[in-house]
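Here are my notes on this one, as numbered points. Have the model open while you read.

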Amino acid sequence: MSPAVYLSLLVLLSCQQRTSLGSLSRRNQARWSGNTTLAMMSQSNEDKCDLVMNLNASERCAFVRNTSDCSMEDGFINYIKVAFCLLPANLTPLIITLCIVWLLFLFLILGLTASKFFCPNLSAICTSLHLTHNVAGVTFLALGNGAPDIFSAMAAFSNPHTAGLAVGALFGAGIFVTTVVAGSVALVKPFTVASRPFLRDVIFYMVAVFWTFLMLFRGTTTLTETLGYLGLYVVYVLTVIISAYIYNRQKNSTNSSDQNAARVPAEFHSSDSSDDDPCMLDGSIQHEYESEYRPLLPYTETTTQILLSALNPVDSRKWRRRSWRWRALKVLKTPLEFLLLLCIPVVDPDKEDKNWRRPLNCFHLISSPLVCVLAFQSGIYGEYMIKGQFPIWLLTLLLGLFLSAIVFCTTTNDSPPKYHPMFALLGFVVSAVGISTAASEVVSLLHMLGVVLSLSNTVLGLTLLAWGNSIGDCFSDITIARQGYPRMAISACFGGIIFNMLFGVGLGCLMQIFKTQSFVQFEIEGLLTWILAGSLGLSLVLSFVIVPLCRFHLGRPYGIFLLAFYLIFLVIALLTEFGEIHIQKI
């Protein structure tokens, strides 16, 4: 992920240097009239923070401190004040470099929390609720896969000035996934896509994009329209469930008719049935692999050994078999994984003990609620005092100690308690709060980069934020395709982004409506937004037309076409951002 992000920043910086030459005279005028401009801007609370780059370097810190638009409500750190007030003006490039490193670390937090903690707990919840694969795939698991995108969009919609980040990220990720990822899958493993699921997903995604386009065109949305927007995904889920039910019913009727015609004895197939099932085969291999490392004599670990083993994020068997790149990345992720293991419980229904770790799970009853109180909404409740005397974090700590003592005294190390699935719900809540907190920091940090580099929130959303949230899906889908499952990879491309767009925009608007008790206003950032929406719609229409004409065979020419489409879109978007493409006013 880091090379792509750094490369994009170098391109943006170089383009900014070209455009800054054209605006040199305007900045020279601002130098001799800087004091007057600063006084005028500081008197108004309606000034936009983007104007800070028009001032002298010595005046920017005072402007940031006196302008309400520069005070970020979301996030623990006010990155704009850090950029202009922490160090002298000549060290601003150093601050920007450190912020980019911190941005990469935030993306690592998002990906690690979602993959190692959020998704496994969601899977455990689905297992406890006995949900079918279709229902779980389009609801809970879709939420797990799209958690970084959704929480980033919700954080961006909390402020009208950063709503462009959400629009750019969701549309940019949509174009990236449906062109780059889908094209890469077609290049790696040409295949024939399932016709009905493909057409269903493309049609629903086109409807979602068109509905979003209408809301952006009007510049506002109401509560009724937002609820209808979210209801579109409910219709999509029902369509998936009903179509899967009809397909399975037709398949079962066909199989029963074939069996009646063949009249083959059942015992003829029973002996080899497990050998033909890949899931059973993988399970037996995994069982043999684990039994190889199982001790010959009975061995009982002490409570201290269980705690130390549970807090060790490094698997010695994987460490010996992996490459040096994997080891280097694991070294970077180990401190973060250790902290997350201390705070977030994980329930694994596939393990015999359900991942029950008595000392660590008891500690989770203390740490998890405390993390939620201190991190929820950027720590706004961390300083809350009950009746002005008793801090809420201390009450949470005492309740956690009480529950932890009860659980520790009434359970054993060997077998999990009956209420162990409740730890999956606790882990789901804590990981969701962690992802939301990291997403708020990402949005605030990207907003600062947009101010410093004179870039719009839309272009930052469709590049850095979209790439950062989608690069993991890109590698995972390509890996799945190489392993011989291209249909699964292409289904993940279209199914996940429908959920991300509808819930990212829908929940963001819904939270803003309840927060402000009024309509949601969208601040459209010029021609680039319409190019973004039009390009995404055009890519979907072309896929809707070209794929059926190719008899639903996705080959290498189609993959090259999708990659070329994304490159052309990216060039047009960047040229529009830097003023090379614009609309002539008559």
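1. Phenylalanine 213 and phenylalanine 217 sit four residues apart, about one turn, in helix 11 (residues 195-218); helices are DSSP runs of H or I, at least four residues, numbered from the N terminus. Their ring centres are 6.3 Å apart with planes at 20 degrees, so they count as stacked (rings of Phe, Tyr and Trp, its six-membered ring, pair with centres within 6.5 Å; planes under 30 degrees apart are stacked, over 60 edge-to-face, the rest tilted). Phenylalanine 213 is partly exposed at 29% relative accessible area, while phenylalanine 217 is exposed at 59% (buried is under 20%, exposed over 50%, partly exposed in between; 1.4 Å probe, protein chains only).

2. A caveat: this is a predicted model, with local features needing pLDDT of at least 70 and side-chain atom pairs pLDDT 80 or more, whereas totals for chains, interfaces and linings use all residues. Numbering runs from 1 along each chain as its sequence is written, and side-chain values use heavy atoms, without hydrogens or water.

3. The whole structure has 17 aromatic pairs. One of them, phenylalanine 176 with tyrosine 566, has centres 5.7 Å apart and planes at 75 degrees, so it is edge-to-face. Phenylalanine 176 belongs to helix 10 (residues 163-188) and tyrosine 566 to helix 25 (residues 556-577), so the pair ties together parts 390 residues apart in sequence.

Methods
Helix = DSSP H or I, 4+ residues; strand = E, 2+ residues; numbered from the N terminus.
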